[in-house]
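Subject: Handover of a structure and summary of findings

Dear colleague,

Please find the structure below, followed by an account of what was found in it. I would be grateful if you could read the two side by side.

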Amino acid sequence: MSTTQRILPKGVSETDFDAALSRFREIIGAGSVLTESDQLAPYTKIMMAGDQSDYIPSAALLPTTTEQVQEIVRACNEYKVPIWTISTGKNLGYGSAAPGATGQVMLDLHRMNRILNVDPEVCTALLEPGVTYQQLYDYIKENDLKLWLDPPAPSAIAGPVGNTLDRGVGYTPYGEHFMFQCGMEVVLANGEVIRTGMGGIENSSSWQVFKWGYGPYIDGLFTQSNYGIVTKMGLWLMPEPPAYRPFLIQYQDPEDIEEIVDVLRPLRIAQIIPNAVVIVHTLWDAGTHVMRRDYYDGTDSIPREAIERIKADEGIGEWNVYAALYGTPEQIEVNWKIVEQAFGASGKAKIMYGEEAEKRGGGFEYRSALMKGDMNLQEFGLYNWRGGGGSMWFAPVSQAKGSETRDQTELAQQILGKYGFDYVAEYIVGWRDMHHVIDLLYNRQDPEETQRAHDCFAELIDEFAKRGYGLYRTNTEFMEQVAGTFGDPLREVHRTLKNALDPNGILSPGKSGIRS
Amino acid sequence: MHNTTTVPSRHLPSLRLKPLALLGALLLPSAVAAAPDSEPDVRDPAEVYRQVCAHCHAPDKAVGPEITMAFPEAAHEARGDYVRMVVRNGRAAMPSFREAKISDPELEALIEALVSGDLADHSADKE
């Protein structure tokens, strides 16, 4: 980059930054320290409604070992250089591979991509942060292991470590990723390394099978946080079941969401339906493969009349439930009867599987792939719905209760409509909770629309918080605001921990609103 | 601080490392620290296309446009420049892909294979 346009970390002199870069080059080699603008360009692509100039890194570092990460953080402490850590960098709509603020140095762990262990007997894996789901999937296939993964929608190009650390979700029975994490290796800000759980015991064989270790359980401190850099992570893998039956249940009226959730809840809690079920609204189910302009070319919120035409033409319901049964064929037959009886009681549901479901116009094929852990990125068709590359996931948590779901849906539709955006949404059902995931799609090429999307997202956060609804995750543009909704006492604890573990504030400053 | 170590690799010898063709030499026991600037393996264009591109660009996915059609030789350079620019910078729905994900040598080989139509028959599902 030219001297006149040089971007520096906040509060760091040019002399100190040059000294730090020299030290980084000694540690990882000159070719792994990126400072040229064309090398840094890929780190600046964002989909959230932020100002591009707020998310430009000053450099990027590409270590390949834990020891190199240790040396890097020691140098960062010496020169007070802040680093923003990414793994595969495909947290699209949540900040992608961009830094938390302009001037931060990217610590890009994608080249730490070793699959250190996969144990087919206890069904565990130990991975480095750069391992992608595709890489692990290929490894399992090549070694003919009867194990399934649980990818989120970006599947192939994202990775288990980064997604789990951001507390992402997938669609199999192992859908709540952090629940299936077991053991970490973490580089602290002072350069020391810890292993959580049983990992502190030398030669422990149970690091990847027993989560809690001894004393305080601290793995959660390293998720959605900036208290350390996770350089290895264990996770549990699902054994391939003898039989699998994905199915689709469609409802046609907006208010049916209440019945769906109330029927589904006991089946989910009792594990009759064991996977992370999704309840998908028309516009999400259509948006993965249908063009908005084929039904409506206005720039305001798509009208009800157009939604009804989509439903009729494409064979999509107002609400589309994608779920699956797993086990032996006999187990599946028993559970299928329970599902049919429960959802068939009111006469409103259309229950399908196999060829009948495949012929419907929604996302049965790709949902069936994701619910068995296959690689599939069809969901990114959503980015073509409105076009222009703008996307932010607004994701409040709700109880799995129909009345609450209906309240959240109506509130979201009212606020999105006010700003001229579409309700492109689904509910991902946990055991007792649901992630209400709304993709706020907008045209990032249009500054006015981008500002409108920003204002809309901010209002969604505030209005949902007023009714007691908080987000499970958010993008870097809104981390401060969302942290504020959880209250000052909790933020003070986060700050106290940050000051204790990272007094110079070099690790991902601002992540989840946490600063030293 | 108790239970900390500055030599993390000493706990790893008990790990069972399995061969992984894709990673090749990268799958070294972690006790062996990589030297600065150690170069990652270069995947061949078909493998990069299968792992990364085909999930959206294969004709049966249609999330992104088809990109495997051959271009006239006279247009190879211009088309190559365009592909390089889009891969590194992203464009609208298309994410950017940085050097750590698709290395410069991999990208150049991928561009060559794309513009010459060598990948025209590949889809995401092909192994």
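Helices (H or I, at least four residues) and strands (E, at least two) are taken as DSSP runs and numbered from the N terminus. On that basis, chain B reads β-α-α-α from the N terminus on, with a total of three helices and one strand.

This is a predicted model, in which local features need pLDDT of at least 70 and side-chain atom pairs count only at pLDDT 80 or more, while totals for chains, interfaces and linings use all residues. Residues are numbered from 1 along each chain as its sequence is written, and chains are lettered from A and ligands numbered from 1 in the order in which they are written.

Chain B

A residue is called buried if 20 or more other C-beta atoms lie within 10 Å of its own, exposed if 12 or fewer, and partly exposed in between, with C-beta atoms placed from the backbone. Of the 127 residues in chain B, 32% are buried. Two residues are in contact if their C-beta atoms, placed in the same way from the backbone, lie within 7 Å. Among the contacts in chain B with a separation of 6 or more, 60% join residues 24 or more positions apart.

Helix H1 (residues 45–57) and helix H3 (residues 104–115) of chain B pack with their axes 8 Å apart, at an angle of about 95°. Axes here are lines fitted to C-alpha atoms, for helices over the stretch in contact, and angles run from 0 to 180 degrees between N-to-C directions. H1(B) and H3(B) are therefore roughly perpendicular (65 to 115 degrees) to each other. On the H1(B) side, B:Pro45, B:Val48 and B:Tyr49 meet B:Glu106, B:Ala109, B:Leu110 and B:Ala113 of H3(B). By class, this contact has six nonpolar, no polar and one charged residues. Ala, Val, Leu, Ile, Met, Phe, Trp, Tyr, Cys and Pro count as nonpolar, Asp, Glu, Lys and Arg as charged, and the others, Gly among them, as polar.

Domains of chain A

The domain bounds, which come from an automatic or database assignment, are 3–111 for domain 1, 115–239 for domain 2 and 243–474 for domain 3 of chain A. The C-alpha centres of domain 1 and domain 3 of chain A are 36 Å apart. Six residues of domain 1 are in contact with twelve residues of domain 3 in chain A. The side of domain 1 of chain A that touches domain 3 has five nonpolar, one polar and no charged residues.

Individual residues of chain A

Most residues other than glycine have a negative phi. A:Asp144, although not a glycine, has a positive phi of about 50°. A:Asp144 lies in the loop between helix H4 (133–142) and strand E7 (147–148) of chain A, and counts as exposed with 7 C-beta neighbours inside 10 Å. A:Asn203 likewise is not a glycine and has a positive phi, of about 65°. A:Asn203 is found in the loop between E9 and E10 of chain A and is exposed, with 10 C-beta neighbours inside 10 Å.

A:Ser516 is in the segment after helix H16 (488–501) of chain A. With 18 other C-beta atoms within 10 Å, A:Ser516 is partly exposed.

Yours sincerely

Note on methods. Angles under 35 degrees count as roughly parallel, over 145 as roughly antiparallel, 65 to 115 as roughly perpendicular and the rest as oblique.
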